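Student: Please give me a close look at one part of this model, the kind of detail I could follow on screen. I'd like a single connected account.

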Amino acid sequence: MVGAAAWAASAPAMAQTVDIKFGFAAPMTGPQSHYGEEMQNGILLALAEANAKKIKVGGKVANFTLVTRDDQADPRIGVQVAQQLVDAGISGMLGHFNSGTTIPASRLYNEAGVPQIAMATAPEYTRQGYNTAFRMMTSDTQQGAAVGGFMVKNLKAKKVAIVDDRTAYGQGLADQVEKAVKAGGGQVARREYTTDKATDFASILTNVRTAGADALFYAGTDAQSGPLKRQMKQLGLTMPLLSGEMTRSDTFLRLAADAAEGTYASLAGVPLETLPGGKAFQAAYKAQFKKDSGVYSPYAYDGAWNMIYAIEQAGSADPAKYLPKLAKLQRKGLTSNSIAYDDAGDLKEVAVTIYQVKGGKWVQAETVVGQAGK
């Protein structure tokens, strides 16, 4: 009788909660695992805060949980993982990380009607006509324009060499940088290709030297840009190296070692420390994970809160009911004071910051703020 009474007493409390599952996928093993960890930590911090707030959804206290899968930055595995997450009954998808995994996986989420907010920056992701696709960061179109313009205008580079790793991310970003360099009056003296597994860049750098380039842009991960910069120094190439946000990391600084000095890298948004909630986020992150926030953590944090906010506004975790709220989202976030999506699912407010390695640390060089499509 005591057991029955205890069960009866707890039943009303149990009935007042609702579990809401989000999916997450990124490289959690291999050379890109630090990106996946940064992204996952940002999401977990957002879910912990949301659960502490006891947000009501449909009159019940929501308990947000995360179903994690390792897509190994492999498009084939990414599709398999997407099907697993859809079958698990997730209400929303936070990921993938890489454009190469995000784009093929997005078809499955769209077919299932599951809203997806991805870190992927390739323009193609939101050009597929899926109303379920949204971004956590600005696209390569904006980043490429900022970096290309910076090379021609600020660095006075007349001849630029461009190298990419042939991934969806690398090729897409390199294409946008090439357009911006040409639009700014510069010349692309050499276009080279490698892979996201390469470690020897001697042949490519010899071609870059022969082309007489004033600057070199690399589109790919820090696992390649680090050794690339080190080999540039060994070969006596003094031209500046520029890259995208995957290079703006502590891993790049470690891999490039003393050759890292002077390197430039772009990153969506403005420096976290300049934002009102930046210091509080860094403190909460360090308390939870015993380390400083990674590059992608704040964007993942905002992405998770965007989805949570839309569900709260709709009063339902049913994708069909909260998707319209997500599409019309307007909120003040961590990475932007004005988070909103355009009709394609791209962020309306565009800010890109160029950083440079000085004294072994990444420091702000320039920030460009504008609107999507401008």
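Tutor: Happy to! Let's begin with threonine 138, which counts as buried because its relative accessibility is 7% (buried is under 20% relative accessible area, exposed over 50%, partly exposed in between, with a 1.4 Å probe and protein chains only). The model is predicted, so local features need pLDDT of at least 70 and side-chain atom pairs pLDDT 80 or more, while totals for chains, interfaces and linings use all residues. Residues are numbered from 1 along each chain as its sequence is written, and side-chain values use heavy atoms, without hydrogens or water.

Threonine 138 sits in the loop that joins strand 6 (133–135) to helix 5; both are DSSP runs numbered from the N terminus, H or I of at least four residues for helices and E of at least two for strands. Leaving aside residues up to four places away in sequence, threonine 138 touches Thr121, Gln143, Ala268, Leu347, Glu349, Val350, Ala351 and Val352, where contact means heavy atoms within 4.5 Å.

One of those partners, Gln143, is also among the buried residues of helix 5. Helix 5 itself covers residues 140–154, 15 residues in total. From first C-alpha to last, helix 5 reaches 20 Å, close to the 21 Å expected at 1.5 Å a residue (1.5 Å times one less than the number of residues). After helix 5 comes lysine 156, which has a positive phi, near 60°.
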